[in-house]
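Take a look at the sequence and the structure first, then read on.

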Amino acid sequence: MKKDMNYLSGEDKKQVTILSLVVVMTCIILFGTSYAWFVVNANSQKRTELIAGNLDLTFDDTDGGEIQLAGQVPMSDEDGLETNGYTFKVKNIGNIESNYSIFLDDADLASGESRLDDRYVKYSLTRDNVLIKTDFVDHLGSNILDSNLIDIDTTSIYTLRIWLDENHFNRDATNKVFKKKLRIEASQKTNSHIIGAYTYNQTEGADNYCVTGEEATCQKTACYGTRIAGSCPAGTIIQYEVNGTDTVPFHVMFDHGNTLIMQSQRDTVSNVIWSESTNVNGPTIALPTLEKATETWKYVNDQTYTMGTTVFKENAYTTCGSENNINICSSNGYVLLERTAKARMITVQETNALACTNGSGSCAVWLHNYMKDATNYGGTEEGTAYSYWTMNSSNNTRFVAGVTTAGYVNTMEMLSSGLRSVRAVVEINK
């Protein structure tokens with residue numbers, strides 16, 4: 001491994017992402033007709049450093065050893081998790097808190113070699129003895145192994161395990177080669193208004209269980225330091241300074257690479273009706289009320305959109321079905337002129353994309369937490385409203401779509417205010 005240093009000064013320090021395209025390890029799988037030979041080892045120098053101003057990370061695989069599974073057949077996930085692992089370290093020896101991401105990239109093949117498709121391979125990754133990633137469904141999929149925020153004089157120890165998937169191994173996988181290399185990408189935090197970020201995990205009993213960001217088992221993440229779409233999974237908790245005095249907890253809805261779309265963790269406006277008399281004019285009460293409540297949020301981006309024209313995930317339609325088919329949006333029951341504001345409401349198209357549909361209990365906990373009786377439906381915290389509004393009307397002119405405390409999307413009477421609320425959807429830069 002070569003030592004790769006990048007020295008930067010002045011304004012470049014504020015925005016820079018340092019790339020270190022160095023081979024730290026090589027993973028090779030050679031297939032015969034039915035058995036496999038598998039080895040992971042470090043094949044060059046044992047340490048690389050990334051330096052940019054005050055950012056100084058050390059990537060150390062001194063204790064890595066190697067994984068050897070000579071003559072082994074593909075195995076189950078249970079057996080794969082029991083194999084020896086490749087261990088490496090990331091240490092912050094600089095004087096500022098730093099973001100980094102670790103990638104597992106394709107390595108160059110030799111002449112005549114044919115690459116094994118990732119779908120035949122599975123892996124797991126632990127950080128500081130906590131299992132943080134397994135890929136049992138999509139296999140290697142994204143090449144991002146981990147993104148993390150590392151404090152000054154702190155070391156993170158990783159163990160990577162890789163095995164052949166017994167459920168997918170077949171003759172198509174024979175005589176193929178699997179070669180990978182580790183890469184670390186580091187940067188200083190770019191958005192100073194991100195006060196904290198935590199990996200979301202609603203699995204009770206997990207070592208990194210974290211639903212609100214307040215749990216003792218919450219783990220910090222630096223996913224926002226990587227400008228790659230999807231780096232921050234849905235649910236990621238972001239503590240964000242919206243103006244000079246207020247910090248609001250949000251959950252990531254979508255990561256677009258350079259920006260994050262987030263929804264406030266709790267109600268932004270309580271006790272508000274959607275509109276007056278009929279829904280054909282759109283959310284003429286709820287939306288302006290939300291815009292007024294968030295107009296001082298100067299550290300979030302302006303959003304410019306036109307209801308009925310702007311596509312939110314699936315389509316631009318403003319009206320969805322009724323009751324059992326409320327998650328199907330297929331017409332414009334109302335349209336609005338272009339508007340620009342600091343916040344808007346979530347759309348049914350977006351709840352669909354988050355797997356929060358009209359199916360009972362389909363929504364992740366973060367989407368229906370902090371509601372009245374939420375703890376009766378898998379939530380962890382109580383609130384005052386039974387539901388919050390979406391932007392979408394229904395085919396019944398008196399009803400619109402909302403997210404309920406029971407964890408699904410349903411229709412509700414738009415003039416009902418005491419039990420309804422609005423949650424801000426905002427956009428921020430990473």
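A residue is called buried when its relative accessible area is under 20%, exposed when the value is over 50%, and partly exposed in between (1.4 Å probe, protein chains only). By that rule M262, at 0% relative accessibility, counts as buried. This is a predicted model, in which local features need pLDDT of at least 70, side-chain atom pairs count only at pLDDT 80 or more, and totals for chains, interfaces and linings use all residues. Residues are numbered from 1 along each chain as its sequence is written, and side-chain values use heavy atoms, with hydrogens and water left out.

**A strand inside the structure**

- Helices (H or I, at least four residues) and strands (E, at least two) are DSSP runs, numbered from the N terminus.
- Strand β9 covers residues 121-127, and seven of the seven are buried, so the strand is largely enclosed by the rest of the structure.
- In a regular strand the side chains alternate between the two faces of the sheet.
- Both faces of β9 are covered: V121, Y123, L125 and R127 are buried on one side, and K122, S124 and T126 are buried on the other.

**The neighbours of β9**

- Two strands pair if DSSP finds at least two bridges between them.
- Strand β12 (residues 154-164) pairs with β9 in the antiparallel sense, over seven bridges.
- Within this pairing, T159 of β12 is the bridge partner of T126.
- Strand β10 (residues 130-134) also runs antiparallel to β9, joined to it by four bridges.
- Here V130 in β10 stands opposite R127.
- The hairpin of β9 and β10 has two residues between the strands, and D128 takes a positive phi near 50° there.

**Salt bridges**

- Side chains of opposite charge can pair when their charged atoms come close.
- A salt bridge here is a side-chain nitrogen of Lys or Arg within 4 Å of a carboxyl oxygen of Asp or Glu.
- How many salt bridges does a search of the whole structure find? The search finds 14.
- One of them joins the side chains of K122 and D77, at 3.3 Å from N to O. This pair links distant parts of the chain, with K122 in strand β9 and D77 in helix α2 (residues 77-80), 45 residues apart.
- K122 is buried, with a relative accessible area of 3%, and D77 is buried as well, at 19%.
- D77 and K122 also belong to a network of salt bridges that includes D165.
- D105 forms a salt bridge with R183, and their closest N and O atoms are 2.5 Å apart. D105 sits in strand β8 (residues 98-106) and R183 in strand β13, 78 residues apart.
- Are D105 and R183 buried or exposed? Both are buried.
- D117 and R119 meet in a salt bridge of 3.2 Å, N to O. D117 is partly exposed at 37% relative accessible area, and R119 is partly exposed at 38%.

**Loops and a distant pair**

- K313 has a positive phi near 60° and is a residue other than glycine. K313 lies in the loop between β19 (303-305) and β20 (319-320), and is partly exposed at 43% relative accessible area.
- A355 is a residue other than glycine with a positive phi, near 65°. A355 is in the loop between α4 (348-353) and α5 (365-368), and its 46% relative accessibility makes it partly exposed.
- M262 is found in strand β17 (residues 259-264). M262 and I346 are 84 residues apart in sequence and 9.5 Å apart in space, C-alpha to C-alpha.
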